[in-house]
Each structure stands twice: as C-alpha cells, then as structure tokens.
Amino acid sequence: MYTDLLFYIDGAWTLGEADRTAAVVNPATGEEIGRLPLASRKDLDSALAAAERGFAIWSATSAYDRSAILRRAAALVRERHEHMARCMTLDQGKPLGESTLEAKSAADHIEWYAEEGRRAYGRIVPSRNPAVRQLVVREPVGPVAAFTPWNFPINQAVRKIAGALAAGCSLIIKAPEEAPGSVIELVRCFHDAGVPAGVLNLVFGIPEEVSDYLIRSPIIRKVSFTGSTAVGRKLGALAAEHLKLTTMELGGHAPFIVCADADVEAAAALACTLKFRNAGQVCASPSRFYIHDTVFDAFSRRFAELAGQLKVGDGFAADSQMGPLANARRVKAVEELLADASAAGARVLCGGQRIGDKGNFFAPTVLVDTPAEARLLHEEPFGPVAPLLRFHDLDAVIRDANSLDYGLAAFAFTASLKTATELGNRLQSGMVSINHFGLALPETPFGGIKASGHGSEGGSEGLEAYLTTKFISQVGC
Ligand SMILES: NC(=O)C1=CN([C@@H]2O[C@H](COP(=O)(O)OP(=O)(O)OC[C@H]3O[C@@H](n4cnc5c(N)ncnc54)[C@H](OP(=O)(O)O)[C@@H]3O)[C@@H](O)[C@H]2O)C=CC1
Ligand SMILES: O=C(O)CCCCC(=O)O
C-alpha cells in the first residue's frame, strides 16, 4: 500500500549512506509506517555531482525531446494516480478524494510545462549596423535546489520539477520528510518516462543541513522554496550571499471579503470548502473573514452550520470530509492561537478543540468577536480555524485586508462590477479571486508579494523562473 522510502540519485533508487533515519508516521493513527533515510554530506555530494552531469545532458537535449519525455511522465502519473493518492493520505492525512485530485492535477501541470518548454522564445533586436545580428536567447539557469513542504506533497513538488525540467535545468529536490511517499512515486514516473540519470534527484534529510549545503554549493544556480516566511527569509539571505536566483512561495493570511450585495449562500459554501480543505493547511486558504455588517448574521449562521456538519475522520474513510492535521506541531500551534484569541475575548461558534486523543484531529472551528490584537489575526493559522469579522465600508475593509505584511491570496464576494474591479485593483496580494475559486491552475501564475515571497509557479512565469537571458551580438557570418 505504501512505498519504499529511498533517495533517487543519478538515476538510481538508493538508501545512500543510511547512517540516519527518521520515522514516517500516519497522522490519523500516530503509528509509524516506515523509516526514511536522511542524507549525509556524501549523499548530497553524489546528488550535486549527478545534477551537474545531468544539466550538461539535459540542457543539450532539444526542447522537443524534453517535452516528449515530460508528456510520458504525465501519462504515467495519470495511470498511477490512485496509488500516489493512497500514499499521500497515508502519510499526510488528507481525505482520499483530495489526494486523488492532487495526484491527477500533477499530470496537468506536467503537460502544461511540457508544452510551455517548447516556447522559451528569444528575439532578434534590429541593430544599428546592418552587418550585425543581435540575438536575445533564453537559457536554462543551471542545476536547481528545490525545497518543498508537507501540505501538498505532490502539488508543490511537481511545479518545481516540471518547470525546471521543461526549461532544461537539472534539479535536486528535498521533499518533506513527514510526507515523502507520494513524492517518491511522482519521481518514479519521471524515471520511468526516461528522464536521463542525474537530471532529477530526490533527497530527504535534516532540512537546515540539506539547504545550507546545497545553497552554498557552486553547482547550484537557483533556489526554489515553498514553506514558511521565517524559513524563506533564512534561505533567501543565504542564497543572496551566494548570488543565487530564488523563487520564494511563502506563507499567507488571506482575507475573504463578503460585501453587502453578495450571494451569501454561495459565499458561505465556498468559504467553508476553501477554509477546511486540507484541514486549513493551505498557504492560500482564507483565514480572515471580513463580512459586511448587514449580512454578518446570515453568513455566520450558515458558515458555522456548514462547518459543524463536516465529517472529520481518517482520510481513508469514505465519508471523511476533513482529515487530521499533518503533524502534532500543528495541533499545538492551533491550540495556542485559539487560547490566545479566547483570552482576548473571541467567542467560539463551533468546534474549538481537538477530537479524541489518537491522531491529530481537530474540529472545524468558527470564531466571532476576535479582537484586532489576537495573534490569530496576524500569524498564519495554517489550521481549521475561521475568525469572522464585521466591516462597514469598503475603504476600511481594504485597509484591514492590506494591513498585514502577507500578500499571497485574497478572496471577495460582491454582485457589483465596480466593487469587484476596485477590490481586484486595490487588494495587495499576488492573487485575487472574486466570486469563485480560480487559483492554482497550471496555466496561471501562483505566487505572492510582500512577506509571502516573490516569483511565480505556473503560467509562463513558472517557466521564466528557470531561464536566464543571453544577448549575442554577431557580425560576419
Ligand atoms: N507556503 C506553504 O505552502 C507552506 C507554509 N508552511 C508554513 O510553515 C509553518 C508550519 O510548518 P512547519 O513544518 O511546522 O514549520 P517550518 O517553518 O519549520 O517548516 C516549513 C517548511 O519548510 C521546511 N524547512 C524548515 N526549515 C528548513 C530549512 N532550514 N531548509 C529547508 N527547508 C526547511 C520544512 O521542511 P520539512 O517538511 O522537510 O520539515 C517545511 O516543509 C506554518 O506556519 C505555515 O505557515 C508550511 C508548509 C507549506
Ligand atoms: O502552497 C499552498 O499551500 C497552496 C498550494 C495550492 C494548491 C491548491 O490550491 O490546489
């Protein structure tokens, strides 16, 4: 049912030196399901040397041939998505339906990049001298070090792998130690599709040891990280010291604004789906709900009713709509945020506590009257907690929505085109979704501004992230 927990280095599955291992635990039961090797310096040196050789091979492979291999990988992901999804539910906890969607969507991401990689166009700049040809060409940046988190183990990894490979880069990915199974199966699809040895390498380890070693290495030319703002700052500083390019997809604290003229029923239903998907462990999840005073009571009643009806349980149970939190740290963090909010005067409309003492289950929680100073309204909750807040006028709510340093996603519901346009223009956020959920598609950019990071994954911007610009001025032939 699960998978062999191994590194993938230079085209081979390996335990490496295997001098250290970590337990992988099922978050629904607390039981150990496997032991994962943790990379030593020697293992990382092997991966670096492989990535350097892989880059030489892959950057010299035509975009057409790279595209064909990526398409084969996408087909294998489609064929194997059920097993990949089971691995994810087992080690990450999310309901099987969510894992299945995530695994299937990986094939779409790979196909998008397979096509986009064939369109890394340069240009010809008219020259001042008719004898001179001025060419602008796009080249792959070089071997990439990528670090991906446990909340969307496949989704986060596939964007980096497919983007880098489509551009002609090689890659070393350090995937999450707590949820490694589905990423191993994803990488297996690329291996079986015929990606040459060294082009893609997968390791696990002690995160700070691995990132420190890889980012300092002169072989690595680009760093792509998805995770918390705190860690992103550290990795960004180290990358800057070594003049490496970065893409940073960091935390968020998304406002969800429901205007007086909104369809309250539709807004409450979508808010509930988005808030409690993956138990709220989503960087782009709505986490501050600003509801217009005139519809506050109707919205809060309906939202709490829907949240209270959600079936929380083991992700493998057919009726589970929300699984456990992915690790015990999140339970503690959510409990602390709730205790702080309650002490400051917040009232719990539903939920408010963990469920049972086995696994990391936490009840979908809805709060009202959370005062502005509560930590919950400033720190990324990354859990199933929804504070509902009242607002009276648009200027004030836009000011409040923009008041945090985060700027990843923002959501709004309104029937007015004028208000929708104003919100789209004035919300300080890398992504704004109005009257529906429209984010995280392969063909559209996903990324933040301010403390939520920089750079985008997805869309043509996602390929751009792995390319450099070369100017060639040529005369005489
Ligand atoms: N933007 C996003 O999608 C995500 C954001 N987060 C944020 O992280 C917080 C909680 O996650 P938690 O795992 O407890 O906290 P951390 O901040 O310790 O870790 C977040 C992620 O960063 C990785 N990481 C941590 N330190 C390093 C390092 N020095 N070098 C490379 N990678 C590193 C972790 O890797 P590993 O998994 O290998 O331990 C993990 O995936 C939440 O507050 C949430 O805001 C978390 C996951 C995703
Ligand atoms: O990084 C995240 O937490 C969000 C990834 C988005 C995935 C999705 O919305 O499907």
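**Figure 1. Helices H2 and H3 of the predicted model pack roughly antiparallel to each other.** The axes of H2 and H3 are 8 Å apart, and the angle between them is about 170°. Angles over 145 degrees count as roughly antiparallel, and the pair is therefore described in that way. Sorted by class, the residues in the contact of H2 with H3 are 14 nonpolar, 5 polar and 8 charged.

**Figure 2. Helix H2 also packs against helix H5.** H2 covers residues 63-92 and H5 covers residues 181-193. Their axes come within 8 Å and cross at roughly 160°, which makes H2 roughly antiparallel to H5. The crossing of H2 and H5 is right-handed. On the H2 side, the contact includes Ile69, Leu70, Ala73, Leu76, Val77, Met84 and Met88, and also Arg72, Arg80 and Asp91. On the H5 side, Leu186, Cys189, Phe190 and Ala193 take part, as do Glu185, Arg188 and Asp192, among others. The contact of H2 with H5 divides into 12 nonpolar, 3 polar and 6 charged residues.

**Figure 3. Helices H3 and H4 run roughly parallel.** H3 is made of residues 96-116 and H4 of residues 153-167. The two axes come within 9 Å and cross at roughly 15°. Angles under 35 degrees count as roughly parallel, which is why H3 is called roughly parallel to H4. The crossing of H3 and H4 is right-handed. H3 contributes Glu102, Ala103, Ala106, His109, Ile110 and Tyr113 to the contact. H4 contributes Pro153, Ile154, Asn155, Val158, Arg159, Ala162, Gly163 and Ala166. By class, the contact of H3 with H4 holds 9 nonpolar, 3 polar and 2 charged residues.

**Figure 4. The rings of Trp150 and Phe382 form an aromatic pair.** A search of the whole structure finds 9 aromatic pairs. In the pair of Trp150 and Phe382, the ring centres are 5.6 Å apart and the ring planes are at 85°, so the pair is edge-to-face. Trp150 sits in the loop between strand E7 (144-147) and H4. Phe382 lies in the loop between strand E15 (365-368) and strand E16 (385-391). The two residues are 232 residues apart, and the pair links distant parts of the chain.

**Figure 5. The domain span recorded in UniProt covers residues 13-472.** The feature is given as "domain: Aldehyde dehydrogenase" in an unreviewed UniProt entry. In the model, the end C-alpha atoms of residues 13-472 lie 41 Å apart. The span is 41% helix and 20% strand.

How values were computed. Residues are numbered from 1 along each chain as its sequence is written. Chains are lettered from A and ligands numbered from 1 in the order in which they are written. This is a predicted model: local features need pLDDT of at least 70, side-chain atom pairs count only at pLDDT 80 or more; totals for chains, interfaces and linings use all residues. Side-chain values use heavy atoms; hydrogens and water are left out. UniProt positions are given in the numbering used here, feature names are shortened, and annotations may be inferred rather than shown by experiment. Helices (H or I, at least four residues) and strands (E, at least two) are DSSP runs, numbered from the N terminus. Axes are lines fitted to C-alpha atoms, for helices over the stretch in contact, and angles run from 0 to 180 degrees between N-to-C directions. Angles under 35 degrees count as roughly parallel, over 145 as roughly antiparallel, 65 to 115 as roughly perpendicular and the rest as oblique. A crossing is left-handed if the near helix is turned anticlockwise from the far one by less than a right angle, and right-handed if clockwise. Contact means heavy atoms within 4.5 Å. Ala, Val, Leu, Ile, Met, Phe, Trp, Tyr, Cys and Pro count as nonpolar, Asp, Glu, Lys and Arg as charged, and the others, Gly among them, as polar. Rings of Phe, Tyr and Trp (its six-membered ring) pair if their centres lie within 6.5 Å; planes under 30 degrees apart count as stacked, over 60 as edge-to-face and the rest as tilted.
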